[in-house]
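Take a moment to look over the model below. We will walk through it one piece at a time.

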Amino acid sequence: MADWLAALDRRAQLRAKAGLTRRLQPRPAGDGMTDLAGNDYLGLASHPEVTAAATAALAAYGLGATGSRLVRGSTDAHQALEDELARWLGTDRALVFSSGYLANLGALRALVQPRTLLVSDAHNHASLIDGCRLSGAETVVTPHADVDAVAAALAAAPGRPAVVVTESVFSVDGDLAPLARLHAVARRHGALLLVDDAHALGVVGPAGAGAVAGAGLAGEPDVVVTATLSKALGGAGGVVAGPAEFVRHLVETGRTFIFDTALPPAVAAGVHAALRLARAGDD
């Protein structure tokens, strides 16, 4: 019975030998340290307007959402945030998830139909990689930011539904994806373009609307945008934004949306306040 635990222990020893051990390091509030490793790009996590909005919603709604969005967990705080996210990103609609990871898993699964080909950049985030794997679709991984390789992969699968999958600002090395060229190639082959704008939202594009908007692709009917709300907006959660028909499809079929407890309303309200600050803060 203990063999499986011994096997895990041996694997931990091998990781330690390779210098790959990970340890949690709890920190107290107000530890006085300057954080150069966190996600809070704009310092909005502790902005007084953000914490005030979250505090008011916490008093009004309580600690958690108390259920999935479709049962009891959806609130006017979620709706207000989604409406403003859609306006900011220039899309028909936006749908908020409890994490950016789940947003990517849900979006990719919802984009897949029989025979779909996914063409994924080699430097994509783990959530996109896992989304491709869990979707069950055939996935071709192309060299990083290589538009010609993407075109070749699409050309090799004529007549098949396809999705080009990329980050906008890559978390691996911080470079920008050639979004306009990728979109042109995808459209030429009748493919969709899924862009994870997590590291661009709030810091790139007009009024911080992200790299998709910066590339002039906001609202295009063959573009789907995902992002986390935990980076420039300093909170938590994720969003999928795009055509109204696709968001409706997610609401009705997306398992990472349907069967997940909703983002706490206090977080949604705090993120909404952060969004307004980011949108108005081009300086």
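Predicted model: local features only at pLDDT ≥ 70, side-chain atom pairs only at ≥ 80, totals over all residues.

Helices and strands here are DSSP runs, numbered from the N terminus; a helix has at least four residues and a strand at least two.

Is Thr 66 buried or exposed? Its relative accessibility is 63%, so Thr 66 counts as exposed, since exposed means over 50%.

Arg 115 is not a glycine, yet its phi is positive, about 75°. Look for Arg 115 in the loop between helix H5 (100-111) and strand E2 (117-121). Arg 115 counts as exposed because its relative accessibility is 53%.

Now turn to a pair of helices. Two packed helices are described by the angle between their axes and the distance between the axes. Take helix H7 (residues 147-155) and helix H8 (residues 179-188). Their axes come within 10 Å and cross at roughly 15°. Angles under 35 degrees count as roughly parallel, and H7 and H8 are therefore roughly parallel to each other. The crossing of H7 past H8 is right-handed.

Which residues of H7 and H8 meet? From H7 come Val 147, Val 150, Ala 151 and Leu 154. From H8 come Arg 181, Leu 182, Val 185 and Ala 186. Sort the residues of this contact by class, and you get seven nonpolar, no polar and one charged.

An α-helix has 3.6 residues a turn, so residues three or four places apart point the same way.

The axes of helix H4 (residues 76-89) and helix H12 (residues 265-280) come within 8 Å and cross at roughly 30°. That angle makes H4 roughly parallel to H12. H4 passes H12 in a left-handed crossing. On the H4 side, the meeting residues include Ala 77, Leu 81, Leu 85 and Trp 88. On the H12 side, they include Pro 265, Ala 268, Val 271 and Leu 275. By class, the contact of H4 with H12 has 10 nonpolar, two polar and four charged residues.

Now pick out some buried residues. Begin with Thr 142, in strand E3 (residues 138-142). Thr 142 counts as buried because its relative accessibility is 6%, and buried means under 20%. Set aside its neighbours within four places in sequence. Thr 142 is then in contact with Val 119, Ser 120, Asp 121, Ala 122, Ala 149, Val 150 and Ala 153. Among these is Val 150, a residue of H7 that also meets H8.

Move on to Ala 227, in strand E6. At 4% relative accessibility, Ala 227 counts as buried. Beyond its neighbours within four places in sequence, its contacts are Gly 100, Asp 196, Asp 197, Ala 198, Leu 201, Gly 238 and Val 239. Compare Ala 227 with Asp 83. The two are 144 residues apart in sequence and 15 Å apart in space, C-alpha to C-alpha.

Finish with Leu 44, in the loop between helix H1 (3-17) and helix H2 (48-61). Leu 44 and Ala 273 are 229 residues apart in sequence, but 9.2 Å apart in space, C-alpha to C-alpha. Leaving aside neighbours within four places in sequence, Leu 44 is in contact with Val 50, Ala 232, Leu 233, Ala 274, Leu 277 and Ala 278. Of these, Ala 278 is also one of the H12 residues that meet H4.

How values were computed:
Residues numbered from 1 in each chain as written. Heavy atoms only, no water. Axes fitted to C-alpha atoms, helices over the stretch in contact; angles between N-to-C directions. Parallel < 35°, antiparallel > 145°, perpendicular 65-115°, else oblique. Left-handed = near helix turned anticlockwise from the far one by under 90°. Contact = heavy atoms within 4.5 Å. Nonpolar A, V, L, I, M, F, W, Y, C, P; charged D, E, K, R; others polar. Buried < 20%, exposed > 50% of the residue type's maximum accessible area, 1.4 Å probe, protein only.
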